[in-house]
Amino acid sequence: MSRSDAAVELDGQGLTFVQSIEPRGFLWLSLKHGLLNLVTLTTHRFWGQSEVRRWIWNATDLDGEPLDYVGGGLELFLGFLLKVLTIGGPLLAAVLAVQAWGPLWGAPVAAAAWLIIAFIDGFGRFGAFLYMASRTEWRGENFELEGSPLAFALAHMRDASLCLATFGWWQPVAHRRQAQSLWGGLTFQGRNFRFDMAASNRSPVYSAYAIGWFGTVMVLLFGAGVLLGLASGFFPTPEVGAAPSIGQLLALFALAVGLWVLLTVIWAPYQAARRTSIAAGLGFALPIGWGDMARLNAVNAFLRFASLGVLAPVVQARTSAFLLARLRGTLTAQ
């Protein structure tokens, strides 16, 4: 059992977190849900996700009493269907418009679809956070979320547009603003959890983001070179117009897996910096070395690929244990 120096303060009383998450204990859970996902053609994953959350919540104590997750798989499944239906409509309209009128005349429809999808995605993110809060209980009482889903969706649409216009460089600002809206609106027993944006901004993130951004550009250029046959002398690339051999397909798959793992490592500094920044806004210190984050990402990616996703619960448990064990400071509800 790991006791961190993180606490929540209610009525002037500091309540210490104690997490006893053991990732190896999630192995049987992974195998069970992996088999059920295979039988149900992955439909069972929503029920599996609910049970994994319940295990992680129950392994996290606050003042000697565990958190409790009371959500269900059916709710997650219905939410997924709603998101697919609402996003699928604008996406299909954009594709049909471009096919029928060409890229030039179809562009306005595609742009409108982009804004609608960003709005729906923002609405869904607010709803997902609200769902998590309302399904998390401690001492028989659930957390709540204040704020307007409409305002959050509009802000998300604006941030998505700015990210597109700046080739992604607005993303760190968007992440902080979304954290302020969601975590800053969290309440328990009528008390608000404060998010200090000034404290969050004092934690640098852009140097780490630059590593991920430029690294991604290099990886994409290399991948494009392979697909265009420019790396045929170094990699078994199929010739244009020729059917690839089994060996070439396996080589391309291995390359894709390797590049994906590389991307998770490249973005590790920003992931660490972003989490540290958001934790600072909540009053926590979350010291994460980029090397530790990179190792976590690389091992998690390997476990996912090697098990074809079966070990996803183990990956989730490893990530939760990694973060909770490093929390320092006090989150105050007032």
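Predicted model: local features only at pLDDT ≥ 70, side-chain atom pairs only at ≥ 80, totals over all residues.
View 1. Strands of a sheet pair through backbone hydrogen bonds, either parallel or antiparallel. Here, strand 5 is joined to strand 6 (residues 136-138) by 2 bridges, and these two strands run antiparallel. Across this pair, Tyr-69 stands opposite Thr-136 in strand 6.

**View 2. Helix 9 packs against helix 10.** Two packed helices are described by the angle between their axes and the distance between the axes. Helix 9 covers residues 268-281, and helix 10 covers residues 290-306. They pack at an angle of about 115°, and their axes are 8 Å apart. The crossing of helix 9 and helix 10 is right-handed. Helix 9 makes the contact with Ala-268, Pro-269, Gln-271, Ala-272 and Arg-275. Helix 10 contributes Trp-290, Met-293, Ala-294 and Asn-297. By class, the residues of this contact comprise 6 nonpolar, 2 polar and 1 charged.

**View 3. Thr-60 is a buried residue of strand 3.** Strand 3 spans residues 60-62. The relative accessible area of Thr-60 is 6%; the residue counts as buried because this value is under 20%. Which residues is Thr-60 in contact with, leaving aside its neighbours within four places in sequence? They are Phe-17, Val-18, Gln-19, Ile-21, Glu-65, Pro-66, Leu-67 and Leu-324.

Note on methods:
Residues numbered from 1 in each chain as written. Heavy atoms only, no water. Pairing = 2+ DSSP bridges. Helix = DSSP H or I, 4+ residues; strand = E, 2+ residues; numbered from the N terminus. Axes fitted to C-alpha atoms, helices over the stretch in contact; angles between N-to-C directions. Left-handed = near helix turned anticlockwise from the far one by under 90°. Contact = heavy atoms within 4.5 Å. Nonpolar A, V, L, I, M, F, W, Y, C, P; charged D, E, K, R; others polar. Buried < 20%, exposed > 50% of the residue type's maximum accessible area, 1.4 Å probe, protein only.
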